[in-house]
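Take a look first, then go through the points below.

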Protein chains: 2
Amino acid sequence: MILVEDSKKENLKGRGYLLRQRSFLKLYLLTLVEKKKEYGLHYQKELIDMFKPYGYKPTLSEIYKSLHELSQEGILKRSKKIKGDPKTDFQELVYYQFTESGYEKAKLYRKQMKVELDRCIGMLQKAVQDNY
Amino acid sequence: MILVEDSKKENLKGRGYLLRQRSFLKLYLLTLVEKKKEYGLHYQKELIDMFKPYGYKPTLSEIYKSLHELSQEGILKRSKKIKGDPKTDFQELVYYQFTESGYEKAKLYRKQMKVELDRCIGMLQKAVQDNY
């Protein structure tokens with residue numbers, strides 16, 4: 001199962017430190033895609049706006065890598081749409097939406113990430129307790 | 001000021017995502033060194049033990065890099081000690097302790113890290129709220 005492999009890789013690399021940015025973004029993108037089928041740039045704008053009070057600005061490259069991983073894992077699929085007048089000035093946009101089996105896989109990923117988020121919050125709260 | 005540079009580097013690299021492992025370890029090492037002058041391996045054991053419930057196992061290499069940075073920043077200094085019988089079987093151990101001006105610098109670092117920890121806890125709690 002790809003998602004389990006993913007979390008193994010994560011642990012090997014960080015030795016169990018805080019969850020990686022890629023996982024954090026994948027979790028958010030699943031929620032955003034479920035709400036509305038959109039293109040990458042739109043999600044980036046939405047995320048930067050949501051995290052303004054925290055000063056976190058995910059790059060477009062990180063968003064695309066996360067969407068790509070979710071597609072490779074069979075959770076999301078891409079669809080193309082033309083914006084503007086196809087005869088004169090147009091732009092091809094790539095939208096993301098859930099695959100048929102994507103919802104079930106996403107449910108499992110969400111479940112794993114909830115455990116992971118709780119673990120990380122606990123670790124940081126412990127750091128405040130231990131050092132202040 | 002090196003510590004400010006450090007936090008700038010941090011922001012550039014992670015684009016304001018969660019605090020890096022190096023900073024997390026430096027904060028803990030300042031607290032541990034203040035409690036007891038010890039050698040690197042000892043701190044690693046102590047940290048692995050403290051974080052057992054969270055599955056986080058910092059590597060010795062990461063601990064040494066963090067101690068090295070704190071030394072370069074003039075907060076800690078190294079001192080050597082011989083363990084065992086110098087005539088037959090002995091081991092040279094490197095201990096860490098605060099420099100004279102280290103306490104003041106550490107105080108500033110701690111202050112910055114408190115803001116950073118609170119920011120990260122807030123970001124993760126928001127992720128729980130937004131996705132569950």
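How many residues does the contact take from chain B and from chain A? It takes 37 from chain B and 37 from chain A. Keep in mind that this is a predicted model, with scores of ipTM 0.86 and pTM 0.86.

**Where the chains meet**
- Between chain B and chain A, about 3,500 Å² of area is buried, and carbon and sulfur atoms give 67% of that.
- On the chain B side, look at Tyr17(B), Tyr54(B) and Tyr132(B): they supply 20% of the area that chain B buries against chain A, more than any other three residues.

**A helix pair in chain B**
- Helix H3 (residues 40-50) of chain B packs with helix H4 (residues 60-72) of chain B at an angle of about 120 degrees, and their axes are 9 Å apart.
- The crossing of H3(B) and H4(B) is right-handed.
- H3(B) brings Gly40(B), Leu41(B), Tyr43(B), Gln44(B) and Leu47(B) to the contact, while H4(B) brings Leu60(B), Ile63(B), Tyr64(B) and Leu67(B).
- Sorted by type, the residues of this H3(B)–H4(B) contact come out as seven nonpolar, two polar and no charged.

- Chain A has a mean pLDDT of 88, with 89% of its residues at 70 or more.
- Among the elements of chain A, helix H1 (residues 2-14) of chain A has the lowest mean pLDDT, 51, and helix H5 (residues 102-131) of chain A has the highest, 97.

Key:
Residues are numbered from 1 along each chain as its sequence is written. Chains are lettered from A and ligands numbered from 1 in the order in which they are written. This is a predicted model: local features need pLDDT of at least 70, side-chain atom pairs count only at pLDDT 80 or more; totals for chains, interfaces and linings use all residues. Side-chain values use heavy atoms; hydrogens and water are left out. Axes are lines fitted to C-alpha atoms, for helices over the stretch in contact, and angles run from 0 to 180 degrees between N-to-C directions. Helices (H or I, at least four residues) and strands (E, at least two) are DSSP runs, numbered from the N terminus. A crossing is left-handed if the near helix is turned anticlockwise from the far one by less than a right angle, and right-handed if clockwise. Contact means heavy atoms within 4.5 Å. Ala, Val, Leu, Ile, Met, Phe, Trp, Tyr, Cys and Pro count as nonpolar, Asp, Glu, Lys and Arg as charged, and the others, Gly among them, as polar. pLDDT is the predictor's confidence in each residue, from 0 to 100. Buried area is the accessible area (1.4 Å probe) that two parts lose on being put together, summed over both.
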